[in-house]
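Reader: I am new to this structure and would like to be walked through it. Could we begin with the interior and then turn to the links between side chains?

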Amino acid sequence: MKTFNADALGEKLLRKLAGGSSRRSMLTRLGAALVAAPAFPLLPVSRAEAAKPDRSPEAKTAFARTAQTKDDTKCDYWRYCAIDGALCTCCGGGIHSCPAGSEPSPVSWVGTCINPDDSKAYLIAYRDCCGKPACGQCGCDNTDRETQLYMPQLNNDIIWCFGTSSMEYHCSTAVMVGAAS
């Protein structure tokens, strides 16, 4: 009775492959593949570029449907769609500036917010102001398009005072980086 021997079959296949190919031919094929690779679009990237963002009222998040553009000391101000913390506009600072005595963190988390006036999406960088005791006024916790902690640049639960002289959190700003396309 003949039994199946996987080792012998593997050895036979590898010897056949090694006998029919050379290092030069393998290098030729590898070089051709490297030259031809840019000509073929990567499917996931191609699909992502083909998808157009839906800006209809039905596609907007709950925050985007109720956002306003007049008062930047309120949590429903359109730039605060993904902010978590005290608003610097209530703590002596501005929407993009820290109050006196605190310093902005060199790192930030980002969010994409829709301006209700023009219905366009904008990339907003949220930066913590550090070095003073917590402001404690105008606390907001908006979680529009927030991701889990494994993507920290899109998570607002982290105190972003890295790189400052003090890790003491004071308030958060919302700087508009530009239009999201």
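Reader: How many residues does the largest nonpolar core have, and which have the most contacts inside it?
Author: This is a predicted model. Its largest nonpolar core has 20 residues. Those with the most contacts inside this core are Trp78, Tyr80, Ile83, Ile124 and Tyr126.

Reader: Which elements give two or more residues to this core?
Author: They are strand S3 (109-115) and strand S4 (120-130). The largest share comes from S4, with 3 residues.

Reader: And what does tyrosine 80 touch?
Author: Leaving aside residues up to four places away in sequence, tyrosine 80 touches Phe63, Asp72, Lys74, Cys75, Leu87, Thr89, Ile95, Tyr126, Asn142 and Ala174.

Reader: Turning to cysteines, how many disulfides does the structure hold?
Author: The structure holds 7 disulfides. One of these joins cysteine 75 and cysteine 140, with the sulfur atoms 1.7 Å apart. The link of cysteine 75 and cysteine 140 is left-handed, with -90 degrees about the S-S bond.

Reader: Where do cysteine 75 and cysteine 140 lie?
Author: Cysteine 75 is in the loop between helix H4 (62-66) and strand S1 (84-86), while cysteine 140 is in strand S5 (residues 139-141). The pair therefore ties together parts that are 65 residues apart in sequence.

Reader: Is cysteine 140 buried or exposed?
Author: Cysteine 140 counts as buried, because its relative accessibility is 4%, and buried means under 20%. Cysteine 75 is partly exposed, with a relative accessible area of 28%.

Reader: What does cysteine 90 pair with?
Author: A disulfide joins cysteine 90 to cysteine 138, at 1.9 Å from S to S. The torsion about their S-S bond is about -85 degrees, so this disulfide is left-handed. The pair links distant parts of the chain, 48 residues apart. Cysteine 90 is in the loop between S1 and strand S2 (103-104), and cysteine 138 is in the loop between S4 and S5.

Reader: How accessible are cysteine 90 and cysteine 138?
Author: Cysteine 90 is buried, at a relative accessible area of 16%. Cysteine 138 counts as partly exposed, at 29% relative accessibility.

Reader: Which cysteine forms a disulfide with cysteine 91?
Author: Cysteine 91 forms a disulfide with cysteine 135, and their sulfur atoms are 1.9 Å apart. This disulfide is left-handed because the torsion about the S-S bond is about -95 degrees. Cysteine 91 lies in the loop between S1 and S2, and cysteine 135 in the loop between S4 and S5.

Reader: Are cysteine 91 and cysteine 135 buried or exposed?
Author: Cysteine 91 is buried, with a relative accessible area of 14%. Cysteine 135 also counts as buried, at 18% relative accessibility.

Reader: Where do glutamate 11 and arginine 15 lie?
Author: Both are in helix H1 (residues 6-19). They are 4 residues apart, about one turn of the helix.

Reader: How accessible is each?
Author: Glutamate 11 is partly exposed, with a relative accessible area of 44%. Arginine 15 is exposed, at 59%.

Methods. Residues are numbered from 1 along each chain as its sequence is written. This is a predicted model: local features need pLDDT of at least 70, side-chain atom pairs count only at pLDDT 80 or more; totals for chains, interfaces and linings use all residues. Side-chain values use heavy atoms; hydrogens and water are left out. A nonpolar core is a set of buried Ala, Val, Leu, Ile, Met, Phe, Trp, Tyr and Cys residues joined through side-chain atoms within 4.5 Å. Buried means under 20% relative accessible area, exposed over 50%, partly exposed in between (1.4 Å probe, protein chains only). Contact means heavy atoms within 4.5 Å. A disulfide is a pair of cysteine sulfur atoms within 2.5 Å.
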